Structure formats: structure tokens, C-alpha cells
Amino acid sequence: MSDLRLDHLLTYMPGRNLDDHLAQYRSLGFEIDPYHNRVSPGIETGFVRLGHQSLEIFAVLDDAAFKAQGGKMPFDPDLRYACRPFALGFQHPDVAALQAAMIARGVAVPEVYAVRDAHTSPDAPPTWRYLILDQLLPGLAVFALSYGGAPRIVPPVAGANGLHALGGLILITADPAVHAAAWQHLLFPDARLQRFGDAVMLPLPDGVLWWLTPAEFAARFGRADVFPHRYGEFGAAIVTGAGHGLTAVPCRLPDGRAAGFVPARQGDGLALLIPR
């Protein structure tokens, strides 16, 4: 299980102009991938880079095409109109092995499925393999993926703002202990949860996950959004780097570490926490 690594967050943006939305991030010093990914007719995504990781932003270009998806994940109207991060992907070298390990522990998990992009030969390995875990965990839609059957090798990219990695998340829930235990049991059974008052922290091989109550999140960071859907517990993305040019409010994590909080301003719900 320790082979899981943070890979990317998913969110929806308001409006239809993906280039303009990504330009807002570029103006804040982020590096933007130069291409869009057409995930379905009338639906495209763009990528904001954070070192090896990224934020994937969904834009609906055609309402009829979106409706034709029938509301299946991730084409759920609740997710679209909430406009806040709703899913977290972990990279794994071999999601079939991950699935087998979970089954050996008595966990009922779905089948792995493979996807090829439009430019991949039918004889080549699938571009992506997915293990979807969104029905097994509270708060976010979680999935594991393998790139071409092996770890993806992508040069780390830091933008002008100096942010170079996704280092974890802060999630908001009325029951931090229960939700944190569910994630730990399924994904990182060898990790040890740490408690700081009502807050709970789960150390990851490449980062950390926090669960805070709405009251504690609001007290530390100034605002705790209501939960607009079942995958609505996202509070902030923990990112590492300098954060040049970003206006960050000084704050502290429950373990006492100093940080800067950058509220979401682009309409897609991405708030940032930059440890100092």
C-alpha cells in the first residue's frame, strides 16, 4: 500500500472558456500544460502543474453532451455546479496488484479497467489503468491509476510562484476520527493516525492528509464551506514551495506548524495551504 503516491486533484470550473480560466492560474505564477484533454464529447480538461502532480480542471463546453453522460461519475451535475475539488487520484505502479492486495485483506473492490487515448496503438499497453474507490471512502472520490502499466516519468515543473508539489489535503468533516480511520484502513493500513485535539492527521509516503471539523477549519483558516455533495469535504490543498506573488494569510496547522492560507479565487474551489 505504501506504493501509493499523490497524483492529481479534479475539480470543475464555472463557465466554458477553459483557456481564460487557466490564464488566471498562469497570471498567479503557475505552470500550465499546453494541451487540453477531451474526456468526452463537449467536455475538456486542462492541467495546472505542481511538480510531478497537477490539478485537472473540467470545463463543460456543451450542456447537452454533459447531460447525455447520464450523471455517472465524474459527470454529475452536483459536482459540476459545486465547482470545488471532488476527487483525488493516487498513482500506483500496478493497480492490479493493489486490487489483489486489498482483496487479500478482505476488502470488496471493483474491477480494474483500462483506457487508451486516441493516439495509442491497439497493440500497445493501455495508457491508463484505474481502480475506482469512490464508493468505499467518505468525503472525496478516490481512485488509483497506473500510467502505461508503469510509474509515469514526468519532469517536475515549478511555475514562477515556486510551488513545486502537492503535499496533501485538508478535509472538513463533522467526524474526523471516523473518516480518517476509513482512509487509513483502506489505503495505508501500516500508517499510524495522529490526533491533535479533534483534528486527525494521516502521514503519507509523500505528504499528509488532515481531517478537521468545520469549526476548527473556520477558526484556523477563516472559512469552512458547506458540503454541497457527497464528495464535498475538500478544504484546502497543501502545496510546497515559496508561493511567490500569492497573498497568503498567516495561520497554523493543528500540529503547530506555521503556514499561509490562500483562499480560492478562481471559481473552482481550489484553496491552498503553504507550510512555512
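Just after helix α6, Gly222 adopts a positive phi of about 95°; helices here are DSSP runs of H or I of at least four residues, strands are runs of E of at least two, and both are numbered from the N terminus. The model is a predicted one, in which local features need pLDDT of at least 70 and side-chain atom pairs count only at pLDDT 80 or more, while totals for chains, interfaces and linings use all residues. Residues are numbered from 1 along each chain as its sequence is written, and side-chain values use heavy atoms, with hydrogens and water left out.

Within α6 (residues 214-221), the buried residues are Glu216, Phe217 and Phe221, where buried means under 20% relative accessible area, exposed over 50%, and partly exposed in between, with a 1.4 Å probe and protein chains only. Seen down the helix axis, these buried residues fall within an arc of 100°, so they line one face of α6; the arc is that of the directions from the helix axis to the C-beta atoms. On the other side of α6, Ala215 and Ala219 are exposed.

Turning to the strands, β12 (residues 199-204) is mostly covered, with five of its six residues buried. Strand β11 (residues 194-196) runs antiparallel to β12 and is joined to it by three bridges, two strands being paired if DSSP finds at least two bridges between them. Phe196 has Ala199 of β12 as its bridge partner, and the hairpin has two residues between its strands, with Gly197 in the turn at a positive phi of about 65°.

β12 also pairs in the antiparallel sense with β13 (residues 207-212), over five bridges. A hairpin of two residues joins β12 to β13, and Leu204 has Gly207 of β13 as its bridge partner.
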